[in-house]
Amino acid sequence: MFDAHLAALDLDSQYTALDHVQAQDVVATLRKSAFSSKDFHTLISPAAAPYLETMAQRAQQLTHQRFGKAMQLFIPMYLSNLCYNKCTYCGFSVEHKYPRLILSDKEILAEGQLLAQKGFQHLLLLTGEAEDKVGVDYIAHAITLLKPSFASIGIEVQPMSEENYNKIIAAGADGLTLYQETYHREAYQKHHLAGKKKHFAKRLDALEYGAKAGFHKINIGALLGLYAWRYEALALSAHLDYMKKKYWQSQYMISFPRIQEMFGEYNPAYDVRDQDLVQLICAFRLCFPDLGISLSTREPAALRDNLVGLGITQMSAESNTAPGGYSGMDSESQFDISDHRPLPLIQDMLKRKGYDPVVKNWDRVLS
Ligand code: SF4
């Protein structure tokens, strides 16, 4: 499993070695016509930061070659904010005392109807982690309720066994999002203080169970701000290489969520500046040309607009991170979003930039 592979990689040494990359190494790498995952180290190094403009131009060209000018749009729907884990950075953490909500069938259908009427066809279902009340059967049932109204449904919920992922796929989901949050073991322990999420390896293993179960689309990521972003980038690239080789049938996507304000208060331990995010996106685009890259409404509108051309293939829109939030129910959200624009404004922005905003099934667009 990837946990053992990760332990053998000695990421600490790789991270330290990034400081030894020289400007001439970056220049030589950027002269190449194509990049491999071996070039990734050079492109995320501090020495590559002054070459962001060149990286951005190459990333833009490559994205247009591989993905055309289509931008897939999706919307998250939270089914519950009940969670038994204690994560330092999250508004759903068990330590925060407020009434928790689990949407009923009627409430799920009402939220789904609203989102389908707005024109969304891609839905991401999210929950906290509370297996006894919001377990596999509840989530699978929610998928069967919503499936008739949406072309694609993904989940971002607690890690599951292969058997349970099979139930989720049988109910109609095709996408699995499971972020490791941080790949740095000590930082992971520092930020996951109680509950099942304390187990670093179990979370990593679950992604492989999902691939074995046959999820068509798999989305990995790290929550930027918990540890040094270049360390997370090295781990994510190794994780992608591993998954793509071992479970080649799935399509892969990556996300770089940066920590946002939430109920309670959390200040990110590590700063991730806008230019760092740009370097990260460009390096992944150049070294993993077929990789989907997702950008959420955590980021502010102006930055999202500027990042559109650099390698992003999927964006969320109109997100609300509280269960029942679209229907105006009174419940607590997971974190604050920054880009509050409604779908038509996001579509207008994309069209002005020459992009085709796609709300229906990606496969149908490509076929
Ligand atoms: S990050 Fe996930 S597991 Fe942790 S408290 Fe929030 S909802 Fe629960």
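Predicted model: local features only at pLDDT ≥ 70, side-chain atom pairs only at ≥ 80, totals over all residues.
**Figure 1. Helix 10 covers residues 200-213.** Helices are DSSP runs of H or I with at least four residues, strands are DSSP runs of E with at least two, and both are numbered from the N terminus. The expected span is 1.5 Å times one less than the number of residues. Residues are numbered from 1 along each chain as its sequence is written.

**Figure 2. Helix 10 has buried residues that pack against other elements.** A residue is buried if 20 or more other C-beta atoms lie within 10 Å of its own, exposed if 12 or fewer, and partly exposed in between, with C-beta atoms placed from the backbone. In helix 10, the buried residues are Arg203, Leu204, Ala206, Leu207, Tyr209, Gly210 and Ala211. They pack against helix 1, helix 8 (162-171), strand 5, strand 7 and helix 11. Contact here means C-beta atoms, placed from the backbone, within 7 Å. Glycine 214 follows helix 10 and has a positive phi, near 105 degrees.

**Figure 3. Strands 7 and 8 pair in the parallel sense.** Two strands pair if DSSP finds at least two bridges between them. Strand 7 (residues 217-221) and strand 8 (residues 251-255) share five bridges. Lysine 217 has glutamine 251 of strand 8 as its bridge partner. From strand 7 the chain passes through helix 11 (residues 229-246) to strand 8, a right-handed β-α-β crossover. Right-handed means that, with the strands pointing away from the viewer, the path from the first strand over the helix to the second runs clockwise.

**Figure 4. Strand 8 also pairs with strand 9.** Strand 9 spans residues 292-295. The pairing is parallel, over three bridges. Serine 255 has serine 294 of strand 9 as its bridge partner.

**Figure 5. Aspartate 10 and glutamate 181 have positive phi values.** Most residues other than glycine have a negative phi. Aspartate 10 has a phi of about 55 degrees. It sits in the loop between helix 1 (2-9) and helix 2 (11-17). Aspartate 10 is exposed, with 11 other C-beta atoms within 10 Å. Glutamate 181 has a phi near 75 degrees. Its loop runs between strand 5 (175-177) and helix 9 (185-191). Glutamate 181 is buried, with 24 other C-beta atoms within 10 Å.

Note on methods: Contact = placed C-beta atoms within 7 Å.
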